[in-house]
Protein chains: 4
Amino acid sequence: TDSLVIAGKAYASRLLVGTGKYKDLSQTRAAIVASGAQIVTVAIRRTNIGQNKNEPNLLDVIPPTEFTLLPNTAGCYTVKDAVHTCQLARELLDGHSLVKLEVLGDAKTLYPDVPATLQAAEMLVKDGFQVMVYTSDDPIICKRLEEIGCVAVMPLAAPIGSGLGIQNKYNILTIVENAKVPILVDAGVGTASDAAIAMELGCDGVLMNTAIAEARDPVLMASAMKKAIEAGREAYRAGRMPRRRFASASSPSEGLPF
Amino acid sequence: TDSLVIAGKAYASRLLVGTGKYKDLSQTRAAIVASGAQIVTVAIRRTNIGQNKNEPNLLDVIPPTEFTLLPNTAGCYTVKDAVHTCQLARELLDGHSLVKLEVLGDAKTLYPDVPATLQAAEMLVKDGFQVMVYTSDDPIICKRLEEIGCVAVMPLAAPIGSGLGIQNKYNILTIVENAKVPILVDAGVGTASDAAIAMELGCDGVLMNTAIAEARDPVLMASAMKKAIEAGREAYRAGRMPRRRFASASSPSEGLPF
Amino acid sequence: TDSLVIAGKAYASRLLVGTGKYKDLSQTRAAIVASGAQIVTVAIRRTNIGQNKNEPNLLDVIPPTEFTLLPNTAGCYTVKDAVHTCQLARELLDGHSLVKLEVLGDAKTLYPDVPATLQAAEMLVKDGFQVMVYTSDDPIICKRLEEIGCVAVMPLAAPIGSGLGIQNKYNILTIVENAKVPILVDAGVGTASDAAIAMELGCDGVLMNTAIAEARDPVLMASAMKKAIEAGREAYRAGRMPRRRFASASSPSEGLPF
Amino acid sequence: TDSLVIAGKAYASRLLVGTGKYKDLSQTRAAIVASGAQIVTVAIRRTNIGQNKNEPNLLDVIPPTEFTLLPNTAGCYTVKDAVHTCQLARELLDGHSLVKLEVLGDAKTLYPDVPATLQAAEMLVKDGFQVMVYTSDDPIICKRLEEIGCVAVMPLAAPIGSGLGIQNKYNILTIVENAKVPILVDAGVGTASDAAIAMELGCDGVLMNTAIAEARDPVLMASAMKKAIEAGREAYRAGRMPRRRFASASSPSEGLPF
């Protein structure tokens, strides 16, 4: 079977989802169930998973018994904040060591601060975390994050929350070709075909939140994304036909100018 | 339920497939079954559906009891040939009147001869055929083919057999917006995401052959295409998030330059 | 020297411009002079070139002694209107036979009515006109218009007045490769790089109006377009480097997936 | 006048060129003269500017009296090598302090090593160099290089020597919008329109080598690039028309889906 293996654990689903921007916890659960996701990422600084006793607790609808929780450091702009947030998550979740690291560079673009990300990744790996890491689509940096010991590297396709789709396919392809750990596109997917394209490029998975939560019908979009990820993965494995200008071309690349 | 209705008949699947270029009839059937297609198009001038008694008959593996056969006029370069081929198909298939018309302009590009297509469509409609029609992605011509009485209009996404994907999204979108009959992308799809994009643009379906038959693993690609069509359709119905440069943009289109 | 030859006459400039949408005749002239254009197209049904004695006359600022006037049939939706408009222009311009034919399909898209265009082109050629013809980017139709005897074929890049740039580069390329008469992109160019791309595809020229007239500074944009057309032409003639993924690739097309 | 100002010095030309890959020094000079470039970058580790007394000296055809030389650190993979190469250049060129820094991440992609680039930039600025710096198209990193004191930041458009054109227009746009120093696209331009696009995005200049040197006719391509840079710059300053689906749209962005 064609599983996604992260930190030694196999997952049938290659779609990872977030929990933000939904109308209420009921819609959150409905969309996540429809997505088929098994890994659900949670912004520790913005989501109540038990820190606030008297507020609705996400874990009531997304219980750790049913999903692999992936605490993330969204909203952290420094190494210190990011590392501390991971440690807090580990405490709240009884020693859970799988985290998604993001150290942001600024509040407008939400692009990563790459040097700080490298530093935080190194500290977290040394501290025993299994680090999935959000970064830019720079192939050199992605390789370095793998060498540091991250269990998965997650380049952005486009800015977080933009829905612009994959801006630089060549970068994603190069990152995938160079990698020995799973590469997951994180951020920028806007609709189903964007997710399919990521998978056709050879990515091991896609993480998204806004594209589902801000669709007019989030639950239906979650189902669309589930199918798109599977479609893209199968197309990748099936080996697509060559592109050519005309059916009559004797050689596929004959005269393919773009 | 969200059915594709063509000539008054409802279909659950929005993926239509051809039968050419497979290794053998067994692979043909396996791929078509995996695609979930209910409408299967057959090139009458190239495929034995009973004309040649002693050769393998496609209908043995794609029986009319299981699939809606869609005879097509592939290989016809004149109005006369195309009309005659449809009449031959009707005889061979006991009065079957649903056909896919294509009148080709030349053997290199396999682009339609639009004036001849208009003329043949008119003749076939008058002769009682239910005409699905292959054409260029010209919105004016697509509307005229609808007005002539075609039951579905099928603009190309890119040259037949090219696998280049949708070249002119704006044209397809305009055609869809103007249409009162189903619009199906016919020709040019190369991989799963191409099919999803067609559906996200609002197309009612996609017809393909080479993208499945020339994949390294046609049966797996057929499954990918099935899911991609469903994903794209659901994404279209779910209403995608707006594209914006950054999550922080107060208005979606604020500063979207391309 | 590298001239554009239309109907036997050589032009140093490959940029053709319109006269609509300017602030006043003074700006019209300033922009056209800055563009370096030698052929200026005039919408006979919308522009006073002498029909109305008491109104400002375009020919005062764009005199036929300085520019080749190209009367066009903008606003014509029927064969009859288009043919009649050309005949009117010939009278007004003392037997001038070079015209730009457009027969529009609808007022929203301003796409051509291709069958009517073919018919009008045939009538005008028989009537002794030298016909430059606006059409869709359908390679079969473009070839037919050449066979009818048009002196130049002018496929659209995108809808008139859209500024979207070339939507289907493969079509333009195929049209150019098949042609024995000049191919000029007509409609859809929005900025300088769009014009350069048209020329790099091998087009013989570009006709534009809105991209200059609706720029914030039309005269400066006219200069930009002049240089862009020359740049694109020279790049085409100079033979661009092959595209490749990396400088180290031993073969250009090695692994070029898109 | 619209000058490019780098480190306090104004240049009329916004095209910077390299000296590699030409047939001989005579072609090198002819192409560079045709490009109109005033700043010429020289790979100190690969080019003889006096290190080797008995070999042809680039300075014989590209004299510092006629051009601003921009020594670069092409081929350097470590901070130490890059810094040392700059110091060597300063000695060879009598105290010349303007340099182009590149610290490469690997020999296949020729992508920058971003953390090493930041470190080398810091050291060189402190050592009195005026540093123009090659980097990835990461907006956060570009801003940081500006803050370090680099006099110009030079994000790649695509891999060095690829000719693929600008892969991520949104990144380049964001970098330009955030910058207080000149932003020049460095690497990846393949033909004239690519250069024009860079300028239309608001870049202050473009540096290229392979696109000119590997054209079939380098001197003609150099001329094309000169005009393309000017065209793109003028189009940027002229303010392009809005993109819209149809001329009849009441609002530009009405229904612009991509």
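This is a predicted model: local features need pLDDT of at least 70, side-chain atom pairs count only at pLDDT 80 or more; totals for chains, interfaces and linings use all residues.
Helix α6(C) and helix α8(C) cross each other in a right-handed manner. Helix α6 of chain C covers residues 192-200, and helix α8 of chain C covers residues 218-238.

Another helix pair is found in chain B. Here helix α4 (residues 114-126) and helix α5 (residues 139-148) have axes that come within 9 Å and cross at roughly 15°. With the cut-off for roughly parallel set at angles under 35 degrees, α4(B) and α5(B) are therefore also roughly parallel to each other. The crossing in which α4(B) passes α5(B) is right-handed. Which residues of α4(B) and α5(B) meet? From α4(B) come B:Val114, B:Thr117, B:Leu118, B:Ala121, B:Glu122 and B:Val125, and from α5(B) come B:Ile141, B:Arg144, B:Leu145 and B:Ile148. By class, seven residues of this contact are nonpolar, one is polar and two are charged.

Seven of its 10 residues are buried, so α5(B) is largely enclosed by the rest of the structure. The buried residues are B:Pro139, B:Ile140, B:Ile141, B:Cys142, B:Leu145, B:Glu146 and B:Ile148. Within chain B, the elements that cover them include α4, β7 (130-135), β8 (152-155) and α6 (169-178). At the start of α5(B), the backbone nitrogen of B:Ile140 has a side-chain oxygen of B:Asp138 within 2.9 Å. Just after α5(B), B:Gly149 adopts a positive phi of about 115°.

Helix α6(A), residues 169-178, has seven of its 10 residues buried. These are A:Tyr170, A:Asn171, A:Ile172, A:Leu173, A:Thr174, A:Ile175 and A:Val176. The cover over the buried residues of α6(A) includes α5 (139-148), β8 (152-155) and β9 (184-186) of chain A.

Single residues can also be followed through the model. B:Thr73 sits in the loop between β5 (68-72) and α3 (79-92) of chain B. Is B:Thr73 buried or exposed? Buried means under 20% relative accessible area, and B:Thr73 has a value of 1%, so this residue is buried. Its side chain reaches the backbone oxygen of B:Glu102 at 2.6 Å. Leaving aside neighbours within four places in sequence, B:Thr73 is in contact with B:Ala82, B:Thr85, B:Cys86, B:Lys100, B:Leu101 and B:Glu102.

B:Glu234 belongs to helix α9 (residues 218-238) of chain B. With a relative accessible area of 12%, B:Glu234 is buried. Which residues of chain A does B:Glu234 touch? They are A:Leu220, A:Ser223, A:Ala224 and A:Lys227, when residues up to four places away in sequence are not counted. B:Glu234 also illustrates how a fold can bring together parts of a chain: B:Glu234 and B:Asp2 are 232 residues apart along the chain, and their C-alpha atoms are separated by 9.6 Å.

Finally, two alanines have a positive phi, a value noted here in a residue other than glycine. For A:Ala187, phi is near 90°. This residue lies in the loop between β9 and α7 (192-200) of chain A, and A:Ala187 is buried, with a relative accessible area of 10%. For D:Ala7, phi is near 50°. D:Ala7 is placed in the loop between β1 (4-6) and β2 (9-11) of chain D, where D:Ala7 is partly exposed, with a relative accessible area of 34%.

Terms used
Residues are numbered from 1 along each chain as its sequence is written. Chains are lettered from A and ligands numbered from 1 in the order in which they are written. Side-chain values use heavy atoms; hydrogens and water are left out. Axes are lines fitted to C-alpha atoms, for helices over the stretch in contact, and angles run from 0 to 180 degrees between N-to-C directions. Helices (H or I, at least four residues) and strands (E, at least two) are DSSP runs, numbered from the N terminus. Angles under 35 degrees count as roughly parallel, over 145 as roughly antiparallel, 65 to 115 as roughly perpendicular and the rest as oblique. A crossing is left-handed if the near helix is turned anticlockwise from the far one by less than a right angle, and right-handed if clockwise. Contact means heavy atoms within 4.5 Å. Ala, Val, Leu, Ile, Met, Phe, Trp, Tyr, Cys and Pro count as nonpolar, Asp, Glu, Lys and Arg as charged, and the others, Gly among them, as polar. Buried means under 20% relative accessible area, exposed over 50%, partly exposed in between (1.4 Å probe, protein chains only). A polar contact is a pair of N or O atoms within 3.5 Å; within protein, one must be able to donate a hydrogen and the other to accept it, and residues adjacent in sequence count only if both atoms are side-chain atoms.
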